[in-house]
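Please look over the sequence and the structure below before reading on, and keep the structure in view while you follow the paragraphs after it.

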Amino acid sequence: MRMSEGVEWAVHSCLNLTWLEPGEAVPAARLAAFYELPAAYLNKQLQALARAGILASTPGPRGGFRLARRAEDITLMDVVAAIEGPEEAFRCEEVLRRGPGEHEGVDYRRRCLVSQSMRRAELAWRRELAAQTLADLRETVERRRPSTPADTRAWFARLRT
């Protein structure tokens, strides 16, 4: 399974927003500049996050994006689903139906051991992402690199002036 780079960009952008003052919004161009990303493409990811209720968008010259919910209420699975969509990664095409044997009335999605194994693995992956919040990630970063919140706030403040 391969996720788009937009997932990585979205998670990092959301994480950066956790360190800003409550209600503070950052324009897409500033969020993109932080990692030297293409602003138009990042903006598409940010808009998807806003549609999913993860970010809120404020128009105007002092507008931009901010978290729409508390970091404790946003899971990594929420971000992945907002960017990649809710579809399953594995799609059983029922290839067994084309092989030899009886096929009448068989639901291969339920009977196929390959399909069952893939679905179990994907469910475990989704559960793991759903068990991790932005707050968990923020806490780990702050423990390993305590200067990150202040450095991030300072970087965005420099761009405002």
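This is a predicted model: local features need pLDDT of at least 70, side-chain atom pairs count only at pLDDT 80 or more; totals for chains, interfaces and linings use all residues.

For helix α4, which covers residues 76–84, and helix α6, which covers residues 113–130, the axes come within 6 Å and cross at roughly 115°. On the side of α4 the contact is made by Leu-76, Met-77 and Val-80, while α6 contributes Trp-125, Arg-126, Leu-129 and Ala-130. Sorted by class, the residues of this contact are six nonpolar, no polar and one charged.

An α-helix has 3.6 residues a turn, so residues three or four places apart point the same way. After α4 comes Gly-85, which has a positive phi, near 95°.

Most residues other than glycine have a negative phi. Glu-36 sits in the loop between α2 (28–34) and α3. Is this residue buried or exposed? Glu-36 counts as exposed because its relative accessibility is 75%, and the cut-off for that word is over 50%.

Another loop, the one between α6 and α7, holds Thr-133. This threonine counts as buried because its relative accessibility is 13%, where the word buried requires a value under 20%. Its side chain reaches the backbone nitrogen of Ala-135 at 3.3 Å. If the neighbours within four places in sequence are left aside, Thr-133 is in contact with Ala-71, Glu-72, Ile-74 and Thr-75.

Ser-13 is found in helix α1, and it is buried because its relative accessible area is 1%. Leaving aside the neighbours within four places in sequence, Ser-13 is in contact with Leu-31, Leu-42 and Leu-46. Tyr-41, in turn, lies in helix α3, and it counts as partly exposed because its relative accessibility is 31%. Not counting residues up to four places away in sequence, Tyr-41 touches Ser-4, Glu-5, Gly-6 and Trp-9. From Tyr-41 to Leu-137 there are 96 residues in sequence and 24 Å in space, taken from C-alpha to C-alpha.

The last step concerns empty space in the model. Rolling a probe the size of a water molecule over the atoms shows where such space is left. How much space lies in the largest pocket? The answer is about 190 Å³. The largest pocket is lined by 13 residues, and the closest of them to its centre are Leu-17, Leu-20, Pro-22, Gly-23 and Leu-67. Helix α1 (5–18) and strand β2 (64–67) each supply at least two residues of this lining. By class, the lining of the largest pocket divides into six charged, five nonpolar and two polar residues.

Note on methods: Residues are numbered from 1 along each chain as its sequence is written. Side-chain values use heavy atoms; hydrogens and water are left out. On a 1 Å grid over the protein atoms alone, a cavity is a set of points where a 1.4 Å probe fits but cannot get out, and a pocket is an open set with protein on both sides within 12 Å along at least five of seven lines; lining residues have an atom within 4 Å of a point. Grid points are joined across faces, edges and corners, and a volume is the space filled by probe spheres set on the points. Helices (H or I, at least four residues) and strands (E, at least two) are DSSP runs, numbered from the N terminus. Ala, Val, Leu, Ile, Met, Phe, Trp, Tyr, Cys and Pro count as nonpolar, Asp, Glu, Lys and Arg as charged, and the others, Gly among them, as polar. Axes are lines fitted to C-alpha atoms, for helices over the stretch in contact, and angles run from 0 to 180 degrees between N-to-C directions. Contact means heavy atoms within 4.5 Å. Buried means under 20% relative accessible area, exposed over 50%, partly exposed in between (1.4 Å probe, protein chains only). A polar contact is a pair of N or O atoms within 3.5 Å; within protein, one must be able to donate a hydrogen and the other to accept it, and residues adjacent in sequence count only if both atoms are side-chain atoms.
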